[in-house]
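Here is a brisk report on one protein model. Keep the sequence and the 3D view open while reading.

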Amino acid sequence: MMNIFNSGTYPKQLDILLLILRLTAGIFMLTHGMGKFQTLFGSEPIQFLDPLGVGATASLALTVFAEVACSILLIFGMGTRLAALPLLITMGVATFIIHSNDGFAKQELPLLYAVIYITIIVMGAGKYSIDYLLSRKKLIQINNN
């Protein structure tokens, strides 16, 4: 369980780059999710693609969870590796199901996001994150016992 909050140990420059990567990907994806968030909680009937066969509302809710909630977690670096996973799955669905027949031009952006999320899952949040603060606090508690 502690690996989820493991921020990794890197030189300062890499920690700064991980922060920039998290902030950029999180903020940019949040802009994609806010329109969907408004649709989900708006008064209009929901018309959203249902690529997984769970219903339009459930598909929209899952997408909003990833693009809004997980993006916010990514921005703050909290549960970063775990938060990047639904984002990666959402980008996989967008690339290989939603835009499967649309050509590379429509697949390029979700693939780029997918590579970013894979990098974040592998590397972690870095030092400038809540994950780092939580893992550091946990280490202090273990050392004091």
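## Glycine 35 in helix 1

Glycine 35 counts as partly exposed, because its relative accessibility is 36%. The residue sits in helix 1. Valine 68 is 33 residues away from glycine 35 in sequence. In space, their C-alpha atoms are 9.9 Å apart.

## Overall make-up

The model is predicted. It has five helices and zero strands. Read from the N terminus, the order of elements is α-α-α-α-α.

The protein has 145 residues, and 32% of them are buried. Take the contacts between residues at least 6 apart in sequence: 72% of these join residues at least 24 apart.

## Helix 1 against helix 2

Helix 1 and helix 2 pack with their axes 8 Å apart. The angle between them is about 150°. Their crossing is left-handed. Sorted by class, this contact has 16 nonpolar, seven polar and three charged residues.

## Helix 2 against helix 3

The axes of helix 2 and helix 3 come within 9 Å. They cross at roughly 145°. Helix 2 passes helix 3 in a left-handed crossing. On the helix 2 side, the contact is made by Thr63, Phe65, Ala66, Glu67, Cys70, Ser71, Leu73 and Leu74. Helix 3 brings Thr80, Ala83, Ala84, Pro86, Leu87, Thr90 and Met91. By class, the contact of helix 2 with helix 3 has 10 nonpolar, four polar and one charged residues.

## Helix 3

Helix 3 has 19 residues. From first C-alpha to last, helix 3 reaches 26 Å, close to the 27 Å expected at 1.5 Å a residue. Which residues of helix 3 are buried? They are Thr80, Arg81, Ala83, Ala84, Leu87, Thr90, Met91, Val93, Ala94 and Thr95.

Phenylalanine 96 also belongs to helix 3. Is phenylalanine 96 buried or exposed? It counts as exposed, because its relative accessibility is 58% and the cut-off for exposed is over 50%. Phenylalanine 96 and leucine 111 are 15 residues apart along the chain. Their C-alpha atoms are separated by 9.5 Å.

## Helix 4

Helix 4 covers residues 104-123, 20 residues in total. Its reach is 27 Å from first C-alpha to last, close to the 28 Å expected at 1.5 Å a residue. After helix 4 comes glycine 124, whose phi is positive, near 85°.

The buried residues of helix 4 are Gln107, Pro110, Tyr113, Ala114, Ile116, Tyr117 and Ile120. What do these residues pack against? Their partners are helix 1 (12-41), helix 2 (56-76) and helix 3 (80-98).

## Helix 3 against helix 4

The axes of helix 3 and helix 4 come within 8 Å and cross at roughly 155°. The two helices are therefore roughly antiparallel to each other, a class that takes angles over 145 degrees. Their crossing is left-handed.

From helix 3, the contact takes in Thr80, Arg81, Ala84, Leu85, Leu87, Leu88, Met91, Ala94, Thr95 and Phe96. From helix 4 come Gln107, Pro110, Leu111, Tyr113, Ala114, Tyr117, Ile118, Ile120, Ile121, Val122 and Met123. By class, the contact of helix 3 with helix 4 has 17 nonpolar, three polar and one charged residues.

## Two residues of helix 4

Isoleucine 118 lies in helix 4. It is partly exposed, with a relative accessible area of 44%. Leucine 87 is 31 residues from isoleucine 118 in sequence. C-alpha to C-alpha, they are 9.7 Å apart in space.

Methionine 123 is also in helix 4. Its relative accessible area is 21%, so methionine 123 is partly exposed, since buried means under 20%. Arginine 81 is 42 residues from methionine 123 along the chain. The C-alpha atoms of the two are separated by 8.4 Å. Both residues are named in the contact of helix 3 with helix 4.

Key. Residues are numbered from 1 along each chain as its sequence is written. This is a predicted model: local features need pLDDT of at least 70, side-chain atom pairs count only at pLDDT 80 or more; totals for chains, interfaces and linings use all residues. Side-chain values use heavy atoms; hydrogens and water are left out. Helices (H or I, at least four residues) and strands (E, at least two) are DSSP runs, numbered from the N terminus. The expected span of a helix is 1.5 Å times one less than its number of residues. Buried means under 20% relative accessible area, exposed over 50%, partly exposed in between (1.4 Å probe, protein chains only). Contact means heavy atoms within 4.5 Å. Axes are lines fitted to C-alpha atoms, for helices over the stretch in contact, and angles run from 0 to 180 degrees between N-to-C directions. Angles under 35 degrees count as roughly parallel, over 145 as roughly antiparallel, 65 to 115 as roughly perpendicular and the rest as oblique. A crossing is left-handed if the near helix is turned anticlockwise from the far one by less than a right angle, and right-handed if clockwise. Ala, Val, Leu, Ile, Met, Phe, Trp, Tyr, Cys and Pro count as nonpolar, Asp, Glu, Lys and Arg as charged, and the others, Gly among them, as polar.
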